[in-house]
Amino acid sequence: MDYVIKGHDYGDDIISILQLFYPNSVYTRIEAPSESCVVSRLENDKIYTSLILKGEEIQNNITPITADTDVKRELKLSLYKTLMAHHKISLPWGALTGVRPAKLATSLKKTEGSEQAAALVLKNTYFVRDDKIKLALEVAKNEEKALAKSIPGSVGLYIGIPFCPTRCLYCSFTSYPLDKYREKVDEYLDCLKREIEFCGYNLKGTPIESIYIGGGTPTSLDERQLDYLLTCVFNNFDKPQEFTVEAGRPDTVTEGKIKVLKSFGIDRISVNPQTLNDKTLRLIGRQHTVAEFYKAFETASRFGIGHINCDIILGLPGEGEEEVRRTFEGIKSLAPESLTVHTLAVKRASRLKETLEEYSLADFSLMDRLLGLSAEYTQNMGLIPYYMYRQKNMVGNFENVSYCLPGHECLYNIQIMEENQTIIAMGCGGSTKTVDPATNRIERIFNVKSVDDYITRTDEMIDRKIKGLNWRKETKNG
Ligand code: SF4
């Protein structure tokens, strides 16, 4: 889709609205109107937006502005109204383009004074659908309750293990297939140990609220490697209030590894089937079966893992209501403490993006029905929504939601979304986020994404933290 902007420089914001109506398109800025484009113009205290098709303006919107107007917001809304009128559809999240609708709901509750007033703004200003307003406000309320357990002045820690048995079709994370990288795992862990020791030294005395070991699939490590990593973590940090280890790929879960986790007192893991249909699992390159998922879940339960989360994805290629119902029925029979329901996103760095034309993906209306099923099943299972986010290029522009039994909210997930807490990330692909509580200013420090770069440039990762966090260079080992 081509677009023209005049009198302002909010091109990225214009694109964010175009993405809602024309997902996965190419958006090109042009200087003068073409046969088919949108025009967004700011002139003489007015915003003019036009949709031009076959050389003719077929829809427009004119919005007057004053000195108090939030120009960026009104430019986006003007384009949203233009496209909504032409396409005669209203999108579930209306003109909201941000990834954190619950964060907006929380802030509107504060500025508007009540939940009802916040709901009115979401409905009348942003055109959000009633069921989504209810969801955002419910998540905001449950987040707030869970955050009452948060430790003031604490930080969260993330540790990345970037290895997986194979690469999933839709994956855009830092993940390297084990069969090619097995020889590098020990070397990677040695470098990670250095970064952990350095962070442990600098964080001495700072309360650690949560530790999250993600990736990749941390349980791709063998028992000895897992023990090595966790020994290093506990030698350098005090026991946190919450400790999660991703065991995303069921084929990596063994009795021995679960015993290692338990020996360190870890009892929150995530075992992710994504779907309970073998045909789809093969299609998305997971290399494990539904039976292996059930076995992994049973092993974790039998050894007393107290909190098992499962992740599933709606809108996987070839899946309709029948397949998704089968997945929910299977999950329901296991009664996990929490369930995260994603909607498929076509990410730039994924194999799915490269081979998109080979697959038939759920359309808007199917995805809407699948999310309806999700709301129905999770309610029947006694789960409450407690954290959510949206991503760009998600089928139907919907949302990812984590549900849990009351009292089982994952603080780390909430803190990441609410951006209230500093999260220190270690390992390849990690992104440290610092939050200044006085100003709410957020800064990020990135680690490199490639395993090879991480191994050869560990000192540089440490230097980036020294600069970004004003930390000392020494570790306890000198
Ligand atoms: S398990 Fe997760 S990190 Fe690993 S390849 Fe699949 S999506 Fe990527």
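Q: Where in the fold is the place of G216?
A: This is a predicted model, in which local features need pLDDT of at least 70 and side-chain atom pairs count only at pLDDT 80 or more, while totals for chains, interfaces and linings use all residues. Residues are numbered from 1 along each chain as its sequence is written. Helices (H or I, at least four residues) and strands (E, at least two) are DSSP runs, numbered from the N terminus. With those labels, G216 falls in the loop between β9 (208-215) and α8 (223-236).

Q: Is the peptide bond from G215 to G216 cis or trans?
A: Most peptide bonds are trans. From G215 to G216, however, omega is near 15°. That peptide bond is cis.

Q: How do the residues of the shell around the ligand divide?
A: G215 and G216 are among the residues around the ligand, along with C164, R167, C168, C171, F173, S175, T217, G248 and R249. Here a residue is near a molecule or strand if its C-beta atom, placed from the backbone, lies within 6 Å of it. For the classes, Ala, Val, Leu, Ile, Met, Phe, Trp, Tyr, Cys and Pro count as nonpolar, Asp, Glu, Lys and Arg as charged, and the others, Gly among them, as polar. The shell comes out as four nonpolar, five polar and two charged.

Q: Is D45 buried or exposed?
A: D45 lies in the loop between β3 and β4 and has a positive phi of about 60° without being a glycine. A residue is buried if 20 or more other C-beta atoms (placed from the backbone) lie within 10 Å of its own, exposed if 12 or fewer, and partly exposed in between. Because D45 has 11 C-beta neighbours inside 10 Å, it counts as exposed.

Q: What is the phi of Q287?
A: You will find Q287 in the loop between α10 (278-283) and α11 (290-302). Q287 has 16 other C-beta atoms within 10 Å, so it is partly exposed. Although Q287 is not a glycine, its phi is positive, at about 60°.

Q: Why is one side of β2 and of β5 left without a neighbour in the sheet?
A: Five strands form an open sheet of mixed pairing, in the order β2-β1-β3-β4-β5; two strands pair if DSSP finds at least two bridges between them. β2 (28-29) and β5 (56-64) stand at the edges.

Q: Which residue of β3 stands opposite D2?
A: Strand β1 (residues 2-6) pairs with strand β3 (residues 37-43) over five bridges, in the parallel sense. The residue of β3 opposite D2 is C37.

Q: Which strands does helix α2 touch?
A: Helix α1 (residues 11-21) lies across β1, β2 and β3, running at about 145° to β1. Angles run from 0 to 180 degrees between N-to-C directions, and axes are lines fitted to C-alpha atoms, for helices over the stretch in contact. Helix α2 (residues 71-87) also packs on the sheet, its direction making about 145° with that of β5. The strands touched by α2 are β3, β4 (46-53) and β5.

Q: Which residues is N61 in contact with, leaving aside its neighbours within four places in sequence?
A: N61 lies in strand β5, and it is partly exposed because 19 other C-beta atoms lie within 10 Å. Two residues are in contact if their C-beta atoms, placed from the backbone, lie within 7 Å. The contacts of N61 are T49, S78, K81 and T82.

Q: At what angle do helices α3 and α4 pack?
A: Two packed helices are described by the angle between their axes and the distance between the axes. The contact is made by A105, L108, K109 and E112 of α3 and E115, A117, A118, V121 and L122 of α4. The axes of α3 (residues 101-112) and α4 (residues 115-124) are 8 Å apart, and the angle is about 115°.

Q: Which residue of β15 stands opposite V341?
A: Strand β15 (residues 400-404) is mostly covered, with four of its five residues buried. Four bridges join β15 to strand β13 (residues 338-343), and the two run antiparallel. The residue opposite V341 is V401.

Q: Which residue in β16 is the bridge partner of I159?
A: Strand β16 (residues 423-426) is covered on both faces, I423 and A425 being buried on one side and I424 and M426 on the other. Strand β6 (residues 155-161) runs parallel to β16, joined by four bridges. I159 has as its bridge partner M426.
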